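Reader: Can you walk me through the pockets and cavities in this one? Keep it quick.

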Amino acid sequence: MTRVYISRDMASVALGADDVARAFADAGCDVVRTGSHGLFTIEPLVEVDTPQGRIAFGPVGPGDVAAVLDGSHAGRLGDLAALPFFARQQRFTFARCGVIDPLSLNDYEAHGGWKGLDAARAMPPAAVVEAVKASGLRGRGGAGFPTGIKWQTVLDARDDTKFIVCNADEGDSGTFADRMLMEGDPCCLIEGMAIAGHAVGAGHGYIYIRSEYPFAVDTMRAAIERSAARIAPFTLEVRVGAGAYVCGEETALLDSIEGKRGQVRAKPPLPALKGLFGKPTVINNVLSLAAVPFILAEGAEAYAAVGFGRSRGTMPVQLAGNVRNGGLFEVGFGITLGELVNEIGGGTGSGRPVRAVQVGGPLGAYFPPSMFHLPFDYEAFAQAGGLIGHAGITVFDDSVDMAHMARFAMEFCAAESCGKCTPCRIGSTRGVEVIDRIIAARADDSRPAEPALPGRLAATLYSRAPGRIDRSLDGQTELLRDLCDTMKFGSLCALGGFTPYPVLSALDHFPEDFGAPAPIAEAAE
């Protein structure tokens with residue numbers, strides 16, 4: 001009986017993988033459902049087990065069974081590892097995705113699973129924390145805070161009850177790494193959380209997943225049940241959120257787990273000292289916790305040997321939007337933005353020139369091609385006025401209107417704000433109004449605008465004539481910048497604090513879309 005491997009990843013299923021799997025099963029094949037390898041342009045992907053190894057074909061339809069089995073299918077890809085998209089990757093975290101049956105403990109162990117947990121439990125907790133510190137692992141959820149320092153704080157906390165919480169509330173547009181990991185290699189996350197529990201003295205953990213990920217929820221619950229004996233005495237459970245973007249913020253997430261409305265808590269106290277149910281709590285992103293088994297199994301030095309500057313290890317970059325090769329690409333920090341977009345991503349899917357890329361989700365900055373030399377590194381992006389965030393890259397061609405993209409950022413923040421702080425709740429709503437006035441007036445600077453904002457913000461605009469508010473394009477742009485400054489430094493959490501990143505970057509790099517002259521370098525291009 002011929003064995004074939006077909007993804008059960010949500011993206012693959014959306015492209016017809018279930019129908020393809022049924023067709024191969026009806027033809028008498030032994031069908032093994034795996035996670036996705038991460039290149040969605042070749043899904044549904046079928047790998048056929050042969051004496052020479054797996055031979056890949058894709059994309060495949062239900063009517064292609066015979067052509068695949070006799071090797072004549074036009075989409076024959078051969079060994080996936082030899083394809084340029086995969087050959088350039090450094091897969092530490094996603095090494096098993098697309099390879100194993102996600103719910104087979106035998107498969108997981110045969111491919112190196114549980115080695116990290118066994119190594120950790122042979123060490124005292126403090127030594128495990130030191131290994132994570134030495135690896136240079138930083139939070140992969142966006143902030144980039146050193147994971148080992150957070151663990152050390154919880155380890156040192158004097159309390160008999162501690163918790164491990166995994167933030168799987170992947171809400172950024174254009175990101176899917178958390179989902180792919182949970183659907184393709186759930187035991188990797190389970191192992192990482194069990195290691196964290198041993199390291200800090202926590203006996204129970206929660207995985208908080210948004211309700212839009214039903215496949216991930218079901219897969220994680222099944223994997224937890226099957227691996228319960230292997231990770232004992234550490235225990236785990238899944239909590240499902242209702243999809244509020246603000247619950248990606250760690251304190252709002254904790255409130256949601258506790259059964260409250262997800263709202264941001266003022267800090268201090270930090271969750272590491274007073275977190276879930278008032279107890280010391282480690283809160284890490286899926287990718288942070290899933291990186292830990294490799295560190296403990298292969299050694300902190302092996303992980304730290306890859307990377308750039310203070311950004312060590314690998315980052316699963318997610319390419320989305322108007323891009324030819326959409327998918328997940330895991331690589332060490334330091335690769336340039338241009339390499340990711342043009343060489344790995346293959347440029348735009350439309351074939352038109354790239355005009356902008358947004359890095360870090362809907363609250364990330366926009367970068368023009370003139371900045372594609374930037375190395376993918378936390379500090380480099382921060383210095384350039386952006387952030388890596390969850391490493392989602394959304395590509396736009398030259399048909400995009402950046403003023404409308406800036407408006408979307410403000411509108412998104414207004415819709416998703418928890419409402420607890422004024423700069424985020426009110427500032428985002430006023431931001432939409434200001435950008436609407438700019439869009440309406442950019443073709444005719446003399447067109448009257450609606451009254452500007454009252455108070456301190458409006459007071460800055462009494463520049464053209466005493467006693468009159470400046471309603472010109474320049475005046476409204478100045479007002480927008482001042483509003484962004486208030487949101488950035490006055491908001492309680494990153495939702496309001498990061499919303500200015502896409503707005504200001506659009507203003508700075510694409511001023512012509514706001515009625516101002518284009519930068520000289522951009523105009524020359």
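Author: What follows covers the pockets, then the cavities, of a predicted model.

Reader: How much space lies in the largest pocket?

Author: About 1300 Å³.

Reader: How many residues line the largest pocket, and which lie nearest its centre?

Author: The lining has 49 residues. Nearest the centre are Gly 141, Gly 142, Ala 143, Gly 248 and Ala 494.

Reader: Which elements give two or more residues to that lining?

Author: There are helices α8 (147-156), α16 (378-383) and α21 (494-498), plus strand β9 (281-285).

Reader: And how do the residues of that lining divide into nonpolar, polar and charged?

Author: The largest pocket has 20 nonpolar, 18 polar and 11 charged lining residues.

Reader: Switching to cavities. How many come to 30 Å³ or more?

Author: The count is 2.

Reader: Take the largest cavity. How much space is in there?

Author: About 60 Å³.

Reader: Which residues line the largest cavity?

Author: Val 246 and Val 264 are on the list, along with Ser 417, Cys 418, Lys 420, Cys 421 and Cys 424. Leu 492, Cys 493 and Leu 495 complete the lining.

Reader: What is the lining of the largest cavity like by class?

Author: It has 8 nonpolar residues, 1 polar and 1 charged.

Reader: Which strand gives the largest share of its lining?

Author: Strand β1 (residues 3-7), with 3 residues. Tyr 5, Ile 6 and Ser 7 are among the lining residues.

Reader: What else lines the second largest cavity?

Author: Thr 34, Gly 35, Ser 36, His 37, Glu 43, Leu 45, Glu 47 and Gly 98. By class, the second largest cavity's lining divides into 3 nonpolar, 6 polar and 2 charged.

Reader: Where else did His 37 come up?

Author: In the second largest pocket, where His 37 is among the residues closest to the centre. His 37 also lines the second largest cavity.

Note on methods. Residues numbered from 1 in each chain as written. Predicted model: local features only at pLDDT ≥ 70, side-chain atom pairs only at ≥ 80, totals over all residues. Heavy atoms only, no water. 1 Å grid on protein atoms, 1.4 Å probe; cavity = no way out; pocket = protein on both sides within 12 Å on 5 of 7 lines; lining within 4 Å. Points joined across faces, edges and corners; volume = space filled by probe spheres on them. Helix = DSSP H or I, 4+ residues; strand = E, 2+ residues; numbered from the N terminus. Nonpolar A, V, L, I, M, F, W, Y, C, P; charged D, E, K, R; others polar.
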